[in-house]
Amino acid sequence: MENNTLNKIEIAPMLDRTDRHFRHLIRLISARVTLYTEMVPCQGLVYGDADRFLVRGEDAVLQLAGSDPELLKRSCEIAADYGYGEINLNAGCPSPKVQAGNFGAALMKDSDLARRCLDAMRAGARDAKITIKTRICIDDGTPGDGYDRMTDFLGGLGCDKVIIHARKANLKLSTALNLVKPPIDYTAVYRLKAARPDWTVVVNGDIVNLQQVISHLQKVDRVMMGRMAYAAPFMFAEGGLTRDEVAEKYFEYAVQCDNPRQALVRAMGLYYGQPGAGDFRRRLLALHS
């Protein structure tokens, strides 16, 4: 894999997936892909234990969830103390729990609130870059492809890097169905990049292999991968450590963690599709018990 392509790949924030253990695994495999934390609720960060969510000096993007500008500002102040250089606002998660808190995809219903949230984040972030991850629009039955609604929402937010999951968000569907049921529409994201060449536009959604990444990079600046990146992380290998060498180094790391079981689960995809997958899984399970 050419390093130039790896430099343009981002691994999506995924709850109970992209924790510090998975991020450690990826960094053994590649120094070049961009990593994101799990979605971190700003209430938990401000009122809880920041060390539970953040790692000092790590090379990753912090994704925050919230709709209270003051709490988001304070969260960014904390993140800046930990050294995060990019902080992302989640404005696309459609889960019922997130909707109840009036954040995630719910922010697409109120562009003024989204703007105030981002302005507050910039005020607290010092030199960190502030970005947004969202969807094309909310699927409320309005005719059309949603492109105009997407550009209206994004236009006044002041973000020059935007990550678009190329689907509408149907707030009446479950989180799982929102990953597959609303039709994918990469064309809307391509149109956005063509209309705003000054922005960094990142496409996300149903991207499962590096051939697709290379194809998307003809139209946008960067590509974000989610579920398949977690399932088969060695696809990002740069030709340094072998798969077996990564496994040995990760085992050394995991057994020293406070929760070795959780850490080891994050490595389950290392031998995805490979002849050694069964042996690796048995070894993991033996260490779990």
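Predicted model: local features only at pLDDT ≥ 70, side-chain atom pairs only at ≥ 80, totals over all residues.
At 31% relative accessibility, Gly101 counts as partly exposed, a class that lies between buried (under 20% relative accessible area) and exposed (over 50%), computed with a 1.4 Å probe on protein chains only. Gly101 is found in the loop between helices H6 and H7 (111–124); helices (H or I, at least four residues) and strands (E, at least two) are DSSP runs numbered from the N terminus.

Residues are numbered from 1 along each chain as its sequence is written, and side-chain values use heavy atoms, with hydrogens and water left out.

**Aromatic rings**

The whole structure holds 4 aromatic pairs. Rings of Phe, Tyr and Trp (its six-membered ring) pair if their centres lie within 6.5 Å; planes under 30 degrees apart count as stacked, over 60 as edge-to-face and the rest as tilted. The rings of Phe22 and Tyr230 are tilted, because their planes stand at 40° with the centres 5.1 Å apart. Phe22 lies in helix H2 (residues 20–29) and Tyr230 in helix H12 (residues 227–231), so the pair ties together parts that are 208 residues apart in sequence. Phe22 is buried at 0% relative accessible area, and Tyr230 is buried at 14%.

The rings of Tyr250 and Tyr253 are also a tilted pair, with centres 5.4 Å apart and planes at 45°. Both residues lie in helix H13 (residues 243–254), 3 residues apart, about one turn of the helix. Tyr250 is buried, at 2% relative accessibility. Phe251, Tyr271 and Phe280 form one aromatic cluster.

A charge sits over a ring if NZ of Lys or CZ of Arg is within 6 Å of the ring centre and within 35 degrees of the ring normal.

| Charged residue | Ring | Distance from ring centre |
|---|---|---|
| Arg17 | Tyr230 | 5.1 Å |
| Arg191 | Tyr147 | 3.8 Å |

**The largest pocket**

The largest pocket has a volume of about 1,500 Å³. A pocket is an open set of points on a 1 Å grid over the protein atoms alone, where a 1.4 Å probe fits, with protein on both sides within 12 Å along at least five of seven lines; lining residues have an atom within 4 Å of a point. Grid points are joined across faces, edges and corners, and the volume is the space filled by probe spheres set on the points. The lining has 49 residues, and Pro13, Met14, Leu15, Asp16 and Met39 lie nearest the centre. S2 gives the most to this lining, with 5 residues.

**Cysteines and backbone**

A disulfide is a pair of cysteine sulfur atoms within 2.5 Å, and the count comes to 0. For Cys93, the nearest cysteine sulfur is that of Cys42, 14 Å away. Cys93 is buried at 16% relative accessible area, and Cys257 is buried at 15%.

Most residues other than glycine have a negative phi. Asp16 has a positive phi of about 60°, and Asp206 has a positive phi of about 60°. Asp16 is in the loop between strand S1 (9–11) and H2 and is partly exposed at 46%. Asp206 is in the loop between strand S7 (200–204) and helix H11 (210–216) and is partly exposed at 31%.
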